[in-house]
Amino acid sequence: MRLRMKEIMQCNISALVLTSGIPMELNLKPKRKNVGECACCEDPITALFKVGQMVDIEYNSPLGTTGFGLVDNVGEGIVIMTIPEGTFIISTCTITNVLFQ
């Protein structure tokens, strides 16, 4: 049996760090109440973030487990922050703790 790449490849990108800024304008979907499989985690975590807040977060990702920065934008399941290394974009599904400064 032969499998095609798309049948065996699984991509779960949970976070990005852009060290030279955002190369394009990002138009996030507005926050809204979800009914999907992530709703029980995504909605309450997303609701915590407000633009302009300084936050310290803990998350599960191959990039690391903690981050500190300024919230730049919040959308449906996505938070964009300015961190010392550049721009940090993370899925709220991977955030496990938020500490407000």
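1. Some ground rules. Residues are numbered from 1 along each chain as its sequence is written, and side-chain values use heavy atoms, without hydrogens or water. Because the model is predicted, local features need pLDDT of at least 70 and side-chain atom pairs count only at pLDDT 80 or more, while totals for chains, interfaces and linings use all residues.

2. The aromatic pair. A search of the whole structure turns up one such pair. The ring centres of Tyr59 and Phe88 are 5.4 Å apart and their planes stand at 45°, so the pair is tilted (rings of Phe, Tyr and Trp, the last by its six-membered ring, pair if their centres lie within 6.5 Å; planes under 30 degrees apart are stacked, over 60 edge-to-face, the rest tilted).

3. Tyr59 belongs to strand β2 (residues 54–61) and Phe88 to strand β5 (residues 86–91), 29 residues apart; strands are DSSP runs of E, at least two residues, numbered from the N terminus. Both Tyr59 and Phe88 are buried, meaning under 20% relative accessible area with a 1.4 Å probe, protein chains only.

4. Strand β4 (residues 78–83) runs antiparallel to β5, joined by six bridges; two strands pair if DSSP finds at least two bridges between them.

5. The core. Phe88 returns in the largest nonpolar core, which has 15 residues; Phe49, Ile57, Met81, Phe88 and Ile90 have the most contacts inside it. Such a core is a set of buried Ala, Val, Leu, Ile, Met, Phe, Trp, Tyr and Cys residues joined through side-chain atoms within 4.5 Å.

Terms used. Helix = DSSP H or I, 4+ residues; strand = E, 2+ residues; numbered from the N terminus. Buried < 20%, exposed > 50% of the residue type's maximum accessible area, 1.4 Å probe, protein only.
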